[in-house]
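Please look through the sequence and the model shown below.

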Amino acid sequence: MVNRAVLAHRLFTGISRQHLARLVEELAAPWQADLEGRRHKARGGARKRAAGAGARHQLVFVDRLVVTLIHLRHDLPHSVLGLLFGVDRSTITRAVAEIRTLLAERGCAVPDRPGLRLRTLTDVFAYAQAEGVELRLDATEIQVRRPPANRGGRRAFVSGKKKQNTMKATVIADRRGRTLWTDALRPGRMHDATAARNAGIAVCFQHFPDVEVLLDDGYLGLSRDHRGQAITPPRKPRPGASPGRVEQWERDRHRHSSDRITVEHALADHKRWKQLMRFTHRRDRLADTYRAIAGLVSDRTAQA
């Protein structure tokens, strides 16, 4: 049998053993509580045997966590992971489903605030206003499997930009490219600004008037509705403008692009995980997968 620590070190290179130890400490209790809750529901009441009686888990919690991390990082098939860990494929499938949900619910880490995690858009805006943080927001698309024929809403996933079936994630980062939040994913056909509005950004702008968010040209509608808060690149001067005006516009646009580029770096960090290069699994699992990966990436970048 392959040694678990060696397997984690060789296959999952995106996380340190210290980080793995912190994850075990953080998630073991919620996993055990969820397990006992499901057992209580299945029994229909309290247990009738003493704790510790009955069959043992084929995969202990640490192995379940390692299996999930390897699957998210490298997208290895469940059958291959089952062979490596000496268990059936169905055991791996259940373990990944359990741990992926726990990872998705963690939220994103906050720099210099151990123990504090941001889970909602309101949390991010409250943190930004309290700490004076300027936010960067952008959307990215992940290619997904094409929905079956003759199913309603099939065209909603066809991206006008990529000409593929995609789902869209909206991500917020700070000036150093550290991920602070990602939303529930939307169909790829939805416009970037519409996805942000559906996430509730208009209400957040209203309740947190001191927060500024840097955006690209795809969010001009938000810039018109929330002047001074939703900041997009300066508009190009009209034909016939003076050379000095054109030069000033080029400098301002370059400065805005340089300030906003860090959110692109955050998106690139996410796409280094193979599952987000092209998602070949069920589309309803992508939201939890993306949030789990974003939380893991934020753990690393928050320490930088």
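## Nonpolar cores

In the largest nonpolar core, which has 42 residues, the members that touch the most other members are Leu65, Leu69, Leu103, Leu185, Leu286 and Tyr290. A nonpolar core here is a set of buried Ala, Val, Leu, Ile, Met, Phe, Trp, Tyr and Cys residues joined through side-chain atoms within 4.5 Å, and buried means under 20% relative accessible area, with exposed over 50% and partly exposed in between (1.4 Å probe, protein chains only). Two or more residues of this core come from each of α2 (17–43), α3 (61–74), α4 (78–85), α5 (89–104), β4 (166–173) and α11 (286–302), and α11 gives the most, with 8 residues. These elements are DSSP runs numbered from the N terminus, the helices being H or I of at least four residues and the strands E of at least two.

Apart from this core lies another one, of 26 residues, which includes Val124, Tyr127, Leu137 and Cys204. In soluble globular proteins, nonpolar side chains tend to be buried together.

The model is predicted, so that local features need pLDDT of at least 70 and side-chain atom pairs count only at pLDDT 80 or more, while totals for chains, interfaces and linings use all residues. Residues are numbered from 1 along each chain as its sequence is written, and side-chain values use heavy atoms, with hydrogens and water left out.

Strand β4 is mostly covered, as 8 of its 8 residues are buried. On one side these are Thr166, Lys168, Thr170 and Ile172, and on the other Met167, Ala169, Val171 and Ala173. In a regular strand the side chains alternate between the two faces of the sheet.

Two strands pair if DSSP finds at least two bridges between them. Strand β3 (residues 135–143) runs antiparallel to β4 and is joined to it by 8 bridges, with Gln143 standing opposite Thr166. Strand β6 (residues 186–187) is also antiparallel to β4, through 2 bridges, and Pro187 in β6 is the bridge partner of Met167. A further 3 bridges join β4 to the antiparallel strand β5 (residues 179–182), where Trp181 is the bridge partner of Ile172. The hairpin of β4 and β5 has 5 residues between the strands, and in this hairpin Gly177 takes a positive phi near 80°.

## Cysteines

How many disulfides does the model hold by the rule used here? The count comes to 0, a disulfide being a pair of cysteine sulfur atoms within 2.5 Å. For Cys108, the nearest cysteine sulfur is that of Cys204, 15 Å away. Cys108 is buried, with a relative accessible area of 4%, and Cys204 is buried, with a relative accessible area of 4%.
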